[in-house]
Structure formats: C-alpha cells, structure tokens
Amino acid sequence: MEVSGADTDGHEFKNAEEMWMEQVGNPTKRTQWYREGLGYWQGLDASVDGVLGGYGYVNDTDIMGSEVFLKSILAERFPFAGKDRPLVALDCGSGIGRVTKNLLIRYFNEVDLVEPVSHFLEAARQSLAPENNGASDVHKPANFFCVPLQEFTPDAGRYDVIWVQWCIGHLTDDDFISFFRRAKLGLKAGGIFILKENIAKSGFILDKEDRSITRSDVYYKDLFHHCGLYAYKSRDQTGFPEELFPVKMYALTTENKPSEELLHPITLLSLNESAT
Ligand code: SAH
C-alpha cells in the first residue's frame, strides 16, 4: 500500500511495506508480533470494559448501530431465513462473546466463536450458557474455537454471516488476505462478511502497545480487492465519543452483484413463479 503512516510514538513510515518490513520482516519478528498482540489481551479482565479498552459504556450504541446494519442486510440477502432455512454465524475475535450475546444470538440459529485468548472464550461460554439466558433451543452457540484468525480455517460452506469486529488490526496484510481467502470458502452461497473496525483518517497507525494497526478506508478497500471481496454496503457508526476513532461497518460479498436481484428478491421470485 502506497500510503504513509505513523506509530503511537509519532515515528513515521513512508509506506505500509516499510512498516511491515520493520515489524514482521522475518519469522522471528512475526512470531513476536503475534505473541505480544495476544499477550496484551491475556493481561486484561474478561469484561466488557476489558474488551472495549475501558469504553464499556459504548456497548449499547455499538450494538444498536450493528443491529440496524445487520437487519438491512438480512432483509435483502436472506429474506427466506427461518425455520426451514436456519442461519449460522461466526463471531471472529469474539472476546468474551459481547457481539454474540447482545446481537448475533438473537438473529442466528447457531453461532460459532473464534477467539485466541482462552479466559475470554471461557467467559463467553459461561455467559452464553442456557442458564444465563444466553441461548435457547433454536438460538444457541455451537462451537468455541480457541485459535487466532491467522491460524483458523472455517468448515466449508457453514456460515451465512462471518462477523469480524475490532480484531482484524492484529493481522498483518498478508495474513488478512489469506484469512479472508480461506474464510470465503466457509460462507454459504450468498453469505457475507461484516467487518466493523476503527478507521484511520489516512494511511495507517501502528499501536505499539497492543501490536495492531488501524487502517484507513482506502487501505481497507485495497485489501478487499486483494481478497476478491466487494463492499456491498457500508455505513458509519454514529454516536461514539469524539476522542475515539471513527468506526465503519462493511458488508463484503464474494460476488460483485449489488443488483436488482439482491435488492428486490421478492419481485424476482414472483416473476419466476409466474413464468412457471
Ligand atoms: N470482537 C469483540 C472483542 C474485541 S477486543 C468485541 O467487539 O467485543 C479484541 C479481541 O481480538 C480480543 O478478544 C483479542 O483477544 C482478539 N484478538 C487479538 N489478536 C487476535 C488474532 N490474531 N486473531 C483473532 N483475535 C485476536
């Protein structure tokens, strides 16, 4: 990426290549990058405040913004979901299961969670247990995978929605691209990714404390292109405190088809029916 950036100490980089070369330019550095990223989270409480960097109070606003976005996409892309067509989601970098518990479990029949920090995943398991009102017979967590995304390969064709929120900044560009390429195979036909992330105004910002990078919208779009993904829809999260990064939601598809077919499935169905 030909965009310049900086780290949290104000050190500037000409472009992303230079930064990645410095950070993960050989296998030892790469191992250290992921070890320190994980180490940061391993040292935090398994709480909403812990996974939201002390901003636990933005949870409700975050979930409301996500819900509006998710609902519009479900209505357009999965209008026939229901009893005969159960919906399955994957919550990536799920932390303590905040997004699953507050949102995904209400819309999906099964939700899998993938999270490398074991005490977070354990907290998710507890809070999603039926005795904690986290699940019912028809809306339940199914699998808990304790691995980082750069090592995770989903089962083929399992998911309608793969949700990726506030964790992809830990992955290098190379691992970002190979993760999404593998994960594409985990989608059902017509399935989508929803990526919700902090956005840098331009270029990127390297956070030396937790070993993550915040990318700009242009940076993300370049990566989507390399993954063979299309931004079908995007939306800015509103209502967050001024001092936080702006946050964007992207719905990403494997096919480049923002067409009539997707926008008006009911019309097309009735046309098909009248043709037979
Ligand atoms: N998505 C959750 C958690 C956000 S906190 C939510 O919105 O509430 C960031 C999470 O990313 C932490 O749980 C952290 O353990 C996880 N994470 C860190 N490195 C990761 C990696 N390489 N792969 C997947 N998740 C990672």
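Four strands make up an open sheet, in the order β2-β1-β8-β9, with mixed pairing. Its edge strands are β2 (12-13) and β9 (212-215), and each of these pairs on one side only. Two strands count as paired if DSSP finds at least two bridges between them. Strands (E, at least two residues) and helices (H or I, at least four) are DSSP runs, numbered from the N terminus.

Before going further, the basis. This is a predicted model, in which local features need pLDDT of at least 70 and side-chain atom pairs count only at pLDDT 80 or more, while totals for chains, interfaces and linings use all residues. Residues are numbered from 1 along each chain as its sequence is written, and side-chain values use heavy atoms, with hydrogens and water left out.

Within that sheet, β1 (residues 5-7) and β8 (residues 204-207) run parallel and are joined by three bridges. Gly-5 has Phe-204 as its bridge partner in β8.

Another parallel pair is β4 (residues 110-114) with β5 (residues 140-145), joined by four bridges. Here Val-111 is partnered by Pro-141 of β5. From β4 the chain passes through helix α6 (residues 118-127) to β5, a right-handed β-α-β crossover. Right-handed means that, with the strands pointing away from the viewer, the path from the first strand over the helix to the second runs clockwise.

Now the ligand. Which of the 19 residues around the ligand come nearest? They are Gly-93, Arg-98, Glu-115, Gln-150 and Gln-165; a residue belongs to the surroundings if one of its heavy atoms lies within 4 Å. The shell divides into 11 nonpolar, six polar and two charged residues, with Ala, Val, Leu, Ile, Met, Phe, Trp, Tyr, Cys and Pro as nonpolar, Asp, Glu, Lys and Arg as charged, and the others, Gly among them, as polar.

As for polar contacts (N or O pairs within 3.5 Å), a backbone N or O atom of Gly-93 is 2.8 Å from a ligand nitrogen. Gln-150 places a polar side-chain atom 2.9 Å from a ligand nitrogen, and a polar backbone atom of Gln-165 lies 2.8 Å from one. The ligand alone exposes 570 Å², of which the protein buries 99% (Shrake-Rupley, 1.4 Å probe).

Last, backbone angles. Most residues other than glycine have a negative phi. Asn-133, in the loop between α6 and β5, has a positive phi near 55°. Arg-211, in the loop between β8 and β9, also has a positive phi, near 55°. Are they buried or exposed? Asn-133 counts as exposed because its relative accessibility is 73%, and Arg-211 as buried because its value is 12%; buried is under 20%, exposed over 50%, partly exposed in between, with a 1.4 Å probe and protein chains only.

Key. Polar contact = N/O pair within 3.5 Å; in protein donor to acceptor, adjacent residues only side chain to side chain.
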